[in-house]
Amino acid sequence: MRNFTASRVETLTPSGIRKVNERALAMERAGERIIHFEIGRPDFDTPEYIKRAAVKSLEEGEVFYTSNFGLMELREAVAGKLKRENGITCAAENVIVTTGLSEAVFDLLCTILNEGDELLVPDPVWLNYLNVPALLGARAVPYSLTEENGFEPDLDEIQKNISPRTKAIVIVTPNNPTGGVLSREKLSALAGIAAANDLLVISDEIYERLVYDGARPVSIASLPGMAERTVTLNGFSKAYSMTGWRIGYAAAPKEIVAAMNKIHQHNTTCAPSFAQRAAIAALREERDEVALMVREYQRRRDYAVAEINGMEGVSCLPPKGSFYIFINVKKLGISCAEAANYLLAEAKIALVPGGVFGKNGEGYLRMSFANSLKNIAEGCERMKKALKELAANKK
Ligand SMILES: Cc1ncc(COP(=O)(O)O)c(C=O)c1O
């Protein structure tokens with residue numbers, strides 16, 4: 001039989017995160033107790049008031065397609081949130097509701113990228129920003145986020161990487177996997193570069209609520225003149241612990257929203273109706289539910305950062321946002337893939353080798369602290385012991 005897979009699919013790299021996860025699960029099936037630090041999903045249940053809104057919606061028979069763009073009430077609620085909390089000038093017609101932010105990335109990149117076009121993306125970065133351009137025959141051109149720069153971009157490097165084919169620049173703040181949050185000054189400078197080179201800015205703000213030490217992330221679309229050249233991507237997965245509900249959105253100039261909808265309608269038609277209703281409740285009826293989750297993340301972050309910085313051969317910056325710690329393992333004298341394999345085999349803890357997120361991720365391990373403090377404490381203990389043994393074996 002012939003190979004039925006289209007050649008474009010061959011360009012896609014399998015997820016390195018899933019690979020670690022599959023290995024960890026196989027070890028679990030064989031009776032090992034693995035501590036999971038590899039998966040990027042909150043460990044909390046979705047807040048009760050949100051679940052109740054979905055149940056009510058189902059009981060009232062909201063089981064049909066909605067408008068492709070999403071329920072008008074949700075688009076209005078999102079526009080209201082973006083105005084109120086993010087300072088972005090926007091109305092319901094600037095919002096399209098998608099099946100998770102992931103779908104918005106797919107729709108948007110299909111909308112804007114021709115074959116051969118270039119997209120500036122952070123390195124390291126969440127993999128969809130590499131794989132979707134590859135699928136479209138476009139080129140993701142990396143710009144570095146390094147620990148030495150506090151995981152903020154180097155503006156000269158960005159400037160140098162701009163070519164006549166550059167269409168847009170992606171920023172992810174707070175960032176997965178580095179935990180970096182871009183400062184207002186950096187965002188203003190990036191806005192200046194985008195305007196001077198007539199680039200679209202794609203701002204992924206999925207972790208905006210998960211920030212620590214009182215940090216307040218800035219939306220680049222709120223800066224003067226930027227709403228007209230920015231697509232703000234966000235959703236409900238991380239802040240409200242709703243990864244399985246598949247609700248996200250893009251806020252953009254209305255011509256871009258209309259063009260994205262052409263892809264969206266052939267992709268998923270619309271986001272799930274009752275999940276949209278739940279998302280309206282999430283925005284309108286929130287009291288302290290998210291704040292309580294963030295307080296718990298902060299406790300875990302503080303604990304894990306202190307533990308890691310007390311271990312032999314590894315170190316980390318405290319992440320300003322997201323729920324990831326990017327652990328520097330360069331002093332171990334082995335690659336990050338080897339370090340991840342070693343820690344899984346010896347300490348039974350699953351971490352993602354940073355190299356899967358790009359060249360600048362080499363030498364790092366991503367640890368998700370979306371896990372209980374008890375598991376984090378036990379995982380850190382196991383890691384400390386395994387690293388001590390590794391150092392002793394080297395001597
Ligand atoms: C930077 C970033 N954007 C988007 C997503 C996915 O969001 P959603 O669940 O809304 O598709 C993730 C998930 O890990 C992410 O890390």
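Start at L119, whose bridge partner in β5 is A168. That pair belongs to strand β3 (residues 118-123) and strand β5 (residues 166-172), which run parallel and are joined by three bridges. Strands here are DSSP runs of E with at least two residues, helices are runs of H or I with at least four, and both are numbered from the N terminus. Two strands count as paired if DSSP finds at least two bridges between them.

Before going on, a word on what you're looking at. This is a predicted model, so local features need pLDDT of at least 70 and side-chain atom pairs count only at pLDDT 80 or more, while totals for chains, interfaces and linings use all residues. Residues are numbered from 1 along each chain as its sequence is written.

Now zoom out to the sheet. β3 and β5 sit in an open sheet of seven strands with mixed pairing, in the order β2-β8-β7-β6-β5-β3-β4. At the edges you'll find β2 (95-98) and β4 (139-144), each pairing on one side only. Ignoring direction, neighbouring strands of this sheet are turned by 20° against each other on average.

Next, the ligand. It is surrounded by 13 residues, and the closest are G100, L101, S102, G235 and S237; a residue counts as near if its C-beta atom, placed from the backbone, lies within 6 Å. Helix α5 (residues 100-112) gives the largest share of that shell, three residues. By class, the shell has four nonpolar, eight polar and one charged residues. Nonpolar here covers Ala, Val, Leu, Ile, Met, Phe, Trp, Tyr, Cys and Pro, charged covers Asp, Glu, Lys and Arg, and the others, Gly among them, go down as polar.

Then have a look at strand β13 (residues 364-368). Five of its five residues are buried, so the rest of the structure largely encloses this strand. Buried means that 20 or more other C-beta atoms, placed from the backbone, lie within 10 Å of the residue's own. Y364, R366 and S368 cover one side, L365 and M367 the other, and all are buried. β13 runs antiparallel to strand β10 (residues 324-328), with five bridges joining them, and M367 is the bridge partner of I325. Strand β12 (residues 352-353) also pairs with β13 in the antiparallel sense, over two bridges; here R366 partners V352.

Finally, helix α12 (residues 336-347) packs against helix α13 (residues 373-394) at an angle of about 110°, their axes 10 Å apart. The two helices are therefore roughly perpendicular, a label for angles of 65 to 115 degrees.

How values were computed. Buried ≥ 20, exposed ≤ 12 C-beta atoms within 10 Å, placed from the backbone. Axes fitted to C-alpha atoms, helices over the stretch in contact; angles between N-to-C directions. Parallel < 35°, antiparallel > 145°, perpendicular 65-115°, else oblique.
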